[in-house]
Each structure stands twice: as C-alpha cells, then as structure tokens.
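Hi everyone, thanks for making time. Have a look at the structure on the screen, and I'll walk you through it.

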Amino acid sequence: MKISHNITTISLGFLSMIFKKNTILLTALLIVGFMSPASADVFQWQDPVSKITVTYPDQWKRVHNQSPDDVMSVMGPGENDHAFCRLRVRSDERFAIYPQRYSDNIQHIAFSRNFWEEYLGEYDNAQIHKMYDNAGLGRGFGSWALASYSTPLGPKMDKTAIMFVSHYNNKTYISECSAEKHAYSKWHNSFLSFVKSIDFRK
C-alpha cells in the first residue's frame with residue numbers, strides 16, 4: 001500500500017494500528033508456513049536382508065515389486081501422475097579383491113554411462129538426457145542419470161525418471177523414481193528427498 005507524503009489527514013495512531021495488524025498477520029503466516037512441513041508424517045522402511053533404509057511420506061503407498069531384485073516399491077498420490085519409486089539391490093562381487101580406496105575408480109569403469117545404457121534396455125524408446133559421475137547414493141560411490149522411456153508392459157506411458165546407483169560392500173544399490181513425463185517436474189524435489197534418505201549398513 002503506497003501512502004503519499006502529502007496525506008496528512010491520517011493520524012499517526014491509525015497508521016500504527018495498521019502496522020501492528022499487518023505485523024500480527026505476517027507473523028501468523030510465517031508460523032503456519034514453518035509448521036506445515038513439520039506436521040507431515042513419514043514412514044521409515046528397512047529391508048530385513050540388505051538392511052537398506054529409506055523414508056517416504058505417509059501419503060505414498062507400498063505396491064508390489066516388479067522385478068526379482070526389487071526390495072521396495074512405493075507410489076505417490078495422484079492417479080494420472082503415476083509417480084513411482086523403487087529400490088533394487090543386486091549382489092555383485094566382481095570387485096571384491098579391491099580395497100575400498102579404489103571405489104571411485106570402480107564407479108567410473110563399471111557404473112557410469114555404460115551402466116545406464118544397459119539398465120534402460122528393459123524399457124522402450126529409452127533416452128538419457130543427463131548423466132553425472134561422482135554422485136553418491138547412501139554410503140557408496142555412484143552416478144545418476146535423468147532419462148525418459150516408454151513403459152513396456154500394460155498401457156503405454158511415456159515417463160521421465162531420475163536414477164541413482166552405488167556399489168558398496170559387494171552389492172549394487174539402485175534407486176529409480178519416475179512420473180508421467182508431463183507431471184515429472186512437480187515430483188522432482190520429492191524424488192530427491194526420497195533418494196537423500198537412503199542409507200545402508202556399513
């Protein structure tokens with residue numbers, strides 16, 4: 001609200017009252033803004049075999065795993081968004097003889113773009129849009145990729161996915177989160193929160 005300096009009919013007391021009311025309203029809005037995220041409930045899940053853990057919002061629901069190496073799958077709310085995350089764990093002892101200090105080198109050799117090209121082979125019309133090395137998942141060295149693909153089973157759907165992989169203690173850990181391509185942008189931050197919560201035993 002712009003108040004001209006030439007206006008003298010408004011008393012200082014009235015202006016003070018307006019200021020106090022606006023201050024109270026602003027404070028209330030800030031309190032609500034800070035309280036809302038904290039009021040959301042989350043679940044923490046742990047795989048009894050691999051001991052990998054992850055947290056996700058309570059509005060999401062567990063769904064059936066799709067592949068033998070899936071250990072956990074969840075779906076977000078919103079029927080048409082098809083927001084979906086899964087965790088996969090694969091036994092991989094190819095690098096068991098190498099000390100831990102070589103993990104970074106192993107990632108660049110075995111878990112870089114070549115890994116994602118092979119991984120996406122299970123989908124149709126797959127395309128990698130971005131890929132970065134030196135991206136950890138949990139405690140391991142890994143990479144991540146942003147890709148698009150068409151689902152091979154059921155009704156055809158074009159999806160965008162963000163995926164992370166790490167190799168740690170003779171296991172390969174994969175996180176894949178996807179949504180219908182037009183809805184992906186509004187789920188991106190939720191997918192990253194899912195990934196950041198992932199941890200596995202030492």
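Let me start with a question: which residue does R94 meet in a salt bridge? The partner is D92, with 2.8 Å from N to O. A salt bridge here is a side-chain nitrogen of Lys or Arg within 4 Å of a carboxyl oxygen of Asp or Glu. By buried I mean under 20% relative accessible area, by exposed over 50%, and by partly exposed anything in between, with a 1.4 Å probe and protein chains only.

A word on what you are looking at. This is a predicted model, where local features need pLDDT of at least 70 and side-chain atom pairs count only at pLDDT 80 or more, while totals for chains, interfaces and linings use all residues. Residues are numbered from 1 along each chain as its sequence is written, and side-chain values use heavy atoms, with hydrogens and water left out.

Now the overview. The protein chain has four helices and nine strands. These are DSSP runs numbered from the N terminus: H or I and at least four residues for helices, E and at least two for strands. Along the sequence, you'd read the pattern as α-β-β-β-β-β-α-α-β-β-β-β-α. The protein chain has 202 residues, and 40% of them are buried. Its accessible surface is about 12700 Å², with 56% belonging to carbon and sulfur atoms; accessible areas come from the Shrake-Rupley method with a 1.4 Å probe, and for residues only the protein chains shown count as cover. As for contacts, meaning heavy atoms within 4.5 Å, take those with a separation of 6 or more: 50% of them are between residues 24 or more positions apart.

Back to salt bridges. The count comes to eleven. One of them joins R88 and D69, whose closest N and O atoms are 3.0 Å apart. That pair links distant parts of the chain, 19 residues apart: R88 is in strand 5, and D69 is in the loop between strand 3 (61–62) and strand 4 (70–75). R88 is buried, at 3% relative accessible area, and D69 is buried too, at 15%.

Another one brings D70 and R86 together, at 3.0 Å from N to O. Since D70 lies in strand 4 and R86 in strand 5, this pair ties together parts that are 16 residues apart in sequence. Both D70 and R86 are buried. And which residues are linked in a network of salt bridges? They are D69, D70, R86, R88, R90, E122 and E176.

Let's stay with strand 5, which runs over 84–91. How many disulfides does a search of the whole structure find? One. A disulfide is a pair of cysteine sulfur atoms within 2.5 Å, and here C85 and C177 have theirs 2.0 Å apart. The link is right-handed, with 120° about the S-S bond. It links distant parts of the chain, with C85 in strand 5 and C177 in strand 9 (residues 171–180), 92 residues apart. Is C85 buried or exposed? It counts as buried, because its relative accessibility is 0%. C177 is buried as well, also with a relative accessible area of 0%.

F84 is in strand 5 too. F84 is buried, with a relative accessible area of 6%. Leaving out residues up to four places away in sequence, F84 touches a list of residues including V63, M75, C177 and F191. F84 and A161 are 77 residues apart in sequence, yet 9.2 Å apart in space, C-alpha to C-alpha.

Next, helix 2, residues 103–110. S103, I106, Q107 and A110 are buried there. They lie on the same side of helix 2, because they cover an arc of only 105° around the axis; that arc is taken from the directions from the helix axis to the C-beta atoms. What do the buried residues of helix 2 pack against? Helix 3 (113–119) and strand 7 (141–150).

Last stop, the surface. I97, Y98 and Y102 form a nonpolar patch there, with about 350 Å² of accessible area together. Patches are made of residues with over 30% relative accessible area and no salt bridge, joined within 9 Å for like charges and within 5 Å for nonpolar side chains (Val, Leu, Ile, Met, Phe, Trp, Tyr). Y98 is found in the loop between strand 5 and helix 2, and it is partly exposed, at 44% relative accessible area.
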